[in-house]
Amino acid sequence: MASSSSSSSPSPPLPRIVVLISGSGTNLQALIDATLGTQPTLPAQVIHVISNRKSAYGLVRAANHSIPTSYHNLLPYKSLYPTSTALARESYDADLAQLILAQKPDLVVCAGWMHILSPSFLTPLADAGVDIINLHPALPGEFDGANAIARAYEKWLQGEISRTGVMIHRVISEVDRGQPLLTREVQFREGETLQELEDRIHKVEHVIIVEGARIALKERARRKEQKEEKL
């Protein structure tokens, strides 16, 4: 009796994600958890985690999952350029870009990364075709920069706003002004403390950061398909 056999092409490699952190890494954990299991909600792999703070607990979270980590701090660059903070930041960002590019990622996710990224970082990654997204606990055009939740809470106490939110946006040189990929509104609750609001927003962040990464990777795959069709 003749036998038949079928061959299937190998599955394409999973997209590679580098995550930048500065703190406890709860959003990093959400990304890691979403990539695990037999049916991951984020079909990708976190390949490297970089922190600008040595004590960031997110480094421990990464190590717990055998994910390589790097510590990249600005202070040595300030020592090299004691009279120019701008030069120190440019040099720091350029080296950070090279550190990331060495990992050959498809996507960089800023998950609580407390450092403003300059063109000396953004340009090399754009030239290499690496996408960069950021999580920010505010809606587009509102409360850019640090302490966004506390600033929104203060405006609510003053009766000026009734809601805040969270967004995932593409990273550009203007802080928190890149194209939004995803937003979620969060309504204030009467009698709520700032800590209670922060806890609720963090829960939204853990969901939206996974959704935002998934959207960014889908858009990236679509661009690649369109480019291949033109060839």
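Helix α6 is followed by Gly-159, whose phi is positive, near 80 degrees, and this residue is one of several backbone details taken up below. The structure is a predicted model, in which local features need pLDDT of at least 70 and side-chain atom pairs count only at pLDDT 80 or more, while totals for chains, interfaces and linings use all residues. Residues are numbered from 1 along each chain as its sequence is written, and side-chain values use heavy atoms, with hydrogens and water left out.

**Overall architecture**

- The protein has 7 helices and 7 strands, where helices (H or I, at least four residues) and strands (E, at least two) are DSSP runs numbered from the N terminus.
- Read from the N terminus, the order of these elements is β-α-β-α-β-α-α-β-α-β-α-β-β-α.
- The C-alpha trace spans about 80 × 50 × 40 Å along its principal axes, and 44% of the 231 residues count as buried, a term that stands for under 20% relative accessible area, with exposed meaning over 50% and partly exposed lying in between (1.4 Å probe, protein chains only).
- Among contacts with a separation of 6 or more, 67% come from residues 24 or more positions apart, contact being defined as heavy atoms within 4.5 Å.
- The UniProt record, in an unreviewed entry, places the feature "domain: Formyl transferase N-terminal" at residues 16–211; such positions are given in the numbering used here, feature names are shortened, and annotations may be inferred rather than shown by experiment.

**Surface and charge**

- The accessible surface comes to about 12800 Å², with 52% of that area belonging to carbon and sulfur atoms; the areas come from the Shrake-Rupley method with a 1.4 Å probe, and for residues only the protein chains shown count as cover.
- The 24 positive and 25 negative charges have mean positions 4 Å apart, where Lys and Arg count as positive, Asp and Glu as negative, and His and the chain ends are not counted.

- In helix α6 (residues 148–157), the buried residues are Ala-148, Ile-149, Ala-152, Tyr-153 and Trp-156.
- These residues lie on the same side of α6 because they cover an arc of only 130 degrees around the axis, the arc being that of the directions from the helix axis to the C-beta atoms.
- The cover over the buried residues of α6 includes β5 (131–136), β6 (163–170) and α7 (194–230).
- In helix α5 (residues 119–127), the buried residues are Phe-121, Leu-122 and Leu-125.
- Seen down the axis of α5, the buried residues fall within an arc of 90 degrees, and they therefore line one face of the helix.
- An α-helix has 3.6 residues a turn, so residues three or four places apart point the same way.
- The buried residues of α5 pack against α4, β4 (107–110) and β5, and just after α5 the residue Gly-129 takes a positive phi of about 75 degrees.

**Positive phi outside glycine**

- Lys-104, although not a glycine, has a positive phi of about 55 degrees; Lys-104 lies in the loop between α4 and β4 and counts as exposed at 63% relative accessibility.
- Asp-176, also not a glycine, has a positive phi of about 60 degrees; Asp-176 is found in the loop between β6 and β7 (180–187) and is buried, with a relative accessible area of 9%.

**Individual residues and their surroundings**

- Ser-51, found in strand β2 (residues 45–51), counts as buried at 0% relative accessibility.
- Leaving aside neighbours within four places in sequence, the contacts of Ser-51 are Ile-21, Ser-22, Ala-56, Leu-59, Ser-70, Tyr-71, His-72 and Trp-113.
- Ser-51 and Thr-69 are 18 residues apart along the chain, and their C-alpha atoms are separated by 7.8 Å.
- Ser-91, in helix α4 (residues 85–101), is buried with a relative accessible area of 19%, and, leaving aside neighbours within four places in sequence, Ser-91 is in contact with Tyr-77 and Tyr-81.
- Arg-222 lies in helix α7 and is partly exposed, with a relative accessible area of 44%; Arg-222 and Leu-194 are 28 residues apart in sequence and 41 Å apart in space, C-alpha to C-alpha.

Terms used:
The place of a charge is taken as NZ of Lys, CZ of Arg, CG of Asp or CD of Glu.
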